[in-house]
Amino acid sequence: MKLNINGKIFTDNTNELEKDSIFVVSKQNEKFKYVAINNGHEVINANDLKKYLDMGSIKIVGITGTNGKTTTAAAIYSILLDLGYKVALQGTRGFFINGVQEEEYSLTTPVQLGNFAHIQKALENNCQFFIMEVSSHAIEQKRIEGLDFAIKIHTNITRDHLDYHKTIEEYINVKNSFLNDDSLKLINIDDKVVKYNSKNAFTYSLDKPSNFKVDAYSFNQGMHVMFSYAKNNYAFSSLMMGIFNIYNLMASVASVSLITNNKLEDICKVLENFGGVSGRMEIINLDPLIVVDFAHTPDGMDEVLKSFPQKDIICVFGAGGNRDSLKRPLMGKVAAKYSKHIIVTSDNPRFEDPDLIINDIISGIPLNISYEIEVNRKEAIRKAIKLANKNSVILVLGKGDESTQIIYDQKLPFSDKSEILKVLKEIEA
């Protein structure tokens, strides 16, 4: 990738080196360092790139965690915009500046030069804040090198990405390494495995004592939350559902309070304008109640499924191919814990046989649980809708707002939301 800062050309790819361009050495490309040197190019370390871009006028907000990064980042972005700030947002859903989408879906966290390019564009648009999701891959690969964070936010750490990190211990350690410096931090203290540098650290919670402590909540046409901070009481409401979203919104409110001079009452008030993120606990239909969510880990599924204790759950889900296979039976077990009926289907099988992935999932479903297999995801959704009644909730999990299904190396058009709406339209006709 190439990056132009004040007329100087930087690249992390030796194939893109031109006259007078500078090669940025990172963890990924270090072995090519001497190719650049031998061809007469200036070379700098990745951490020194920040010397060329003045980021003093923008506050960088980084959110890490297994679940909740996207919703928390989007809520912070929404709150800051409604409070009158100029803000950029970078993450799984794309790149946004001041309410306008500049780029489509991307990596959760781009390569280092990509981060700098987005920050540079945010600066050109006079943004005061840059909100970014920080993945475990980005931490381990040092893609966030050279960035000074105004605040680092931790949502939770549960099982994920073990196809890359190999062990849960390694994954936990990578996530926690983001929190070991002296920068301002906001930590979900209810997380049992989080470890962090306590200097400049604030905490939030539902269970344990914390700085931002949720004292009471209720779910009635959305959520109503009361919390305390510095011996004062506050409250916010939202149309969003789920205990996990109380954590996400609490993190959003608390972080904005910590990085701005705005009163908590005002922050809570504008939070009500935030309607959630497409594909994250998104209600597609009310009768029958149909919800689409991105949950694709055992813990993520548990958080969604337990949000509907008074409903008969029909759960439609699969598991991604060429990813952590050990989580599949755990996903089946979680679905069985809450669901009245399960439909196991395909979800981005990639180069794996969908039938074998499904076999892994159903190995975790007890024999006394009602389930069926439907490899065709369209048909699985159709069957779920036909089974539903007044007391049902259909949960279609795993893909969220993804617009493709990955089969082998092809991305074929597919949207859970679109398929649901098609089936409902056919039924109405």
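Asp-182 and Lys-199 form a salt bridge in this predicted model. Their closest N and O atoms lie 3.8 Å apart. The pair links distant parts of the chain, 17 residues apart. Asp-182 sits in the loop between α6 (168-177) and β11 (185-188). Lys-199 sits in the loop between β11 and β12 (201-205). Asp-182 is partly exposed, with a relative accessible area of 41%. Lys-199 is also partly exposed, at 46%.

**Other salt bridges**

The structure holds 24 salt bridges. Asp-401 and Arg-280 make one of them, at 3.3 Å from N to O.

Glu-374 pairs with Lys-383 in a salt bridge. Here Glu-374 is buried, with 16% relative accessibility, whereas Lys-383 is partly exposed at 30%. Salt bridges with shared partners also join Asp-302, Glu-303, Lys-306 and Lys-337 into one network.

| Salt bridge | N to O distance |
|---|---|
| Asp-182 and Lys-199 | 3.8 Å |
| Asp-401 and Arg-280 | 3.3 Å |
| Glu-374 and Lys-383 | 2.9 Å |
| Lys-50 and Asp-148 | 3.9 Å |

**Domain 1 against domain 2**

The protein is divided into domain 1 (2-50), domain 2 (53-272) and domain 3 (282-428). The C-alpha centres of domain 1 and domain 2 are 31 Å apart. Each of these two domains gives 13 residues to the contact between them. The area buried there is about 1,200 Å². Carbon and sulfur atoms give 56% of that area. On the domain 1 side, Leu-3, Lys-27 and Lys-50 supply 42% of the area buried against domain 2, more than any other three residues.

Two salt bridges are counted between domain 1 and domain 2. The count of residue pairs in polar contact between these domains is six. On the side of domain 1 that touches domain 2, β1 (2-5) and β2 (8-11) are the elements that give two or more residues. β1 gives the most, with three residues. By class, this side has six nonpolar, four polar and three charged residues.

Notes: Residues numbered from 1 in each chain as written. Predicted model: local features only at pLDDT ≥ 70, side-chain atom pairs only at ≥ 80, totals over all residues. Heavy atoms only, no water. Domains from an automatic or database assignment. Contact = heavy atoms within 4.5 Å. Buried area = accessible area lost by both parts, 1.4 Å probe. Salt bridge = Lys/Arg side-chain N within 4 Å of Asp/Glu carboxyl O. Polar contact = N/O pair within 3.5 Å; in protein donor to acceptor, adjacent residues only side chain to side chain. Helix = DSSP H or I, 4+ residues; strand = E, 2+ residues; numbered from the N terminus. Nonpolar A, V, L, I, M, F, W, Y, C, P; charged D, E, K, R; others polar. Buried < 20%, exposed > 50% of the residue type's maximum accessible area, 1.4 Å probe, protein only.
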